[in-house]
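Let's take a friendly walk through charged pairs and helix packing. Have the sequence and the 3D view at hand.

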Amino acid sequence: MTTAMGTLVVERVETMQRVCRQTRWNARLGLVPTMGALHEGHLSLIRAARRECDVVAVSVFVNPAQFGRNEDFERYPRTFEADCALLEREGVDMVFAPSSAEMYPRGMGQVMVDVPEVGARLDGRARQGHFRGVATVVAKLLHIVGPDAAFFGQKDAAQVAVLKAMVAELNFPVRMVVCPTVRESDGLAMSSRNRNLSAEERKQALGLWHALVAVHALVDGGMVDAGRLRRELVGALQAAPGVEMEYAEIVSAETLLPLEEVRDGALVAVAARVGSTRLIDNIVLPGRAR
Ligand code: AMP
């Protein structure tokens with residue numbers, strides 16, 4: 001199906017493969033994987049893809065394989081019509097929106113891509129099996145689309161580490177582009193799940209950002225001991241009203257393993273529940289000038 005403004009909407013894997021094969025012949029193809037409920041964060045990835053590629057494909061698929069049994073798969077916001085209108089306005093060439101049956105014709109879990117070490121850290125520890133679902137769906141999308149470049153958000157820093165490891169180890173011929181986190185004017189990281197916050201919870205959600213900013217200020221002031229910084233981070237989250245901390249870690253952005261010092265840069269990553277909504281955020285500390 002083609003919309004009025006020329007965006008091609010594809011639901012079938014076979015069709016997407018055929019169209020992408022033809023496209024790759026004489027154009028640089030960019031892929032932006034999403035779960036829809038699009039916001040400015042997603043749009044920043046799409047704009048980066050448009051700058052770097054001739055043709056841009058966006059996938060919209062709420063991937064059941066990355067949700068645990070008691071997680072929010074059913075509650076996850078779905079706004080496909082509005083998403084398509086936004087994607088048209090952004091000049092996206094192709095939208096790939098398969099059903100679950102189309103993506104997993106044998107049922108989920110028949111073949112999975114596992115990144116056992118990096119994928120078991122941060123969200124991978126908190127959400128068992130989550131990154132197996134993410135790696136599997138992204139591997140499938142990379143096979144189906146065969147993009148020259150794929151675009152991801154720094155907002156999901158652990159996901160970036162897992163996918164970079166997967167792409168390197170499985171030799172996907174794709175360039176991984178990571179785009180900065182887009183925030184609301186008060187600092188809250190944009191997220192599809194923010195739609196599920198009440199007005200009160202929306203205010204409380206800022207506790208994650210404030211905790212990260214506090215750590216950044218301590219590092220600016222010269223503190224490099226990751227243990228001390230982490231205690232401050234945990235303290236700030238625990239003191240934030242309405243914020244129920246899940247994890248707060250200071251780790252290597254590549255391996256997601258805890259650091260002792262932050263002199264050479266570090267990922268400061270947090271996850272917390274605000275009401276029944278799970279939110280994540282992070283900052284990357286700058287490395288020493290060499
Ligand atoms: P999602 O639809 O939540 O699976 O996200 C799709 C892509 O958009 C992922 O690569 C996310 O990291 C990225 N993304 C989500 N929120 C933001 C944000 N606030 N800033 C930048 N990228 C984002």
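What follows looks at salt bridges and then at one pair of helices.

## The model and its salt bridges

Please keep in mind that this is a predicted model. Side chains of opposite charge can pair when their charged atoms come close. In this structure the count comes to 18 salt bridges, and a few of them are described below.

## Arg127 and Glu71

Arg127 pairs with Glu71 in a salt bridge, with 2.6 Å between the closest N and O atoms. Distant parts of the chain are linked here: Arg127 sits in the loop between α5 (123–126) and α6 (130–145), while Glu71 sits in the loop between β3 (55–60) and α3 (80–89), 56 residues apart.

The two partners are also worth checking for accessibility. Arg127 has a relative accessibility of 7% and counts as buried because that is under 20%. Glu71, at 29%, counts as partly exposed.

Asp123 forms a salt bridge with Arg278, and their closest N and O atoms are 2.9 Å apart. Asp123 belongs to helix α5 and Arg278 to strand β9 (residues 277–287), so this pair ties together parts that are 155 residues apart in sequence. Asp123 is buried at 5% relative accessibility, and Arg278 is buried at 12%. Both residues also belong to a network of salt bridges that links Asp123, Glu246, Arg273 and Arg278.

Arg125 meets Glu249 in another salt bridge, at 3.2 Å from N to O. Here the link runs between Arg125 in helix α5 and Glu249 in strand β7 (residues 243–251), which are 124 residues apart. Glu249 is buried, with 13% relative accessibility, whereas Arg125 is partly exposed at 48%.

## How α6 meets α7

Two packed helices are described by the angle between their axes and the distance between the axes. For α6 and helix α7 (residues 157–169), the axes come within 10 Å and cross at roughly 55°. The two helices are therefore oblique to each other, and α6 passes α7 in a right-handed crossing.

Which residues make the contact? From α6 they are Phe131, Val134, Ala135, Val138, Ala139 and Leu142, and from α7 they are Ala158, Gln159, Val162, Leu163, Met166 and Val167. By type, the residues of this contact divide into eleven nonpolar, one polar and no charged.

Definitions and conventions: Residues are numbered from 1 along each chain as its sequence is written. This is a predicted model: local features need pLDDT of at least 70, side-chain atom pairs count only at pLDDT 80 or more; totals for chains, interfaces and linings use all residues. Side-chain values use heavy atoms; hydrogens and water are left out. A salt bridge is a side-chain nitrogen of Lys or Arg within 4 Å of a carboxyl oxygen of Asp or Glu. Helices (H or I, at least four residues) and strands (E, at least two) are DSSP runs, numbered from the N terminus. Buried means under 20% relative accessible area, exposed over 50%, partly exposed in between (1.4 Å probe, protein chains only). Axes are lines fitted to C-alpha atoms, for helices over the stretch in contact, and angles run from 0 to 180 degrees between N-to-C directions. Angles under 35 degrees count as roughly parallel, over 145 as roughly antiparallel, 65 to 115 as roughly perpendicular and the rest as oblique. A crossing is left-handed if the near helix is turned anticlockwise from the far one by less than a right angle, and right-handed if clockwise. Contact means heavy atoms within 4.5 Å. Ala, Val, Leu, Ile, Met, Phe, Trp, Tyr, Cys and Pro count as nonpolar, Asp, Glu, Lys and Arg as charged, and the others, Gly among them, as polar.
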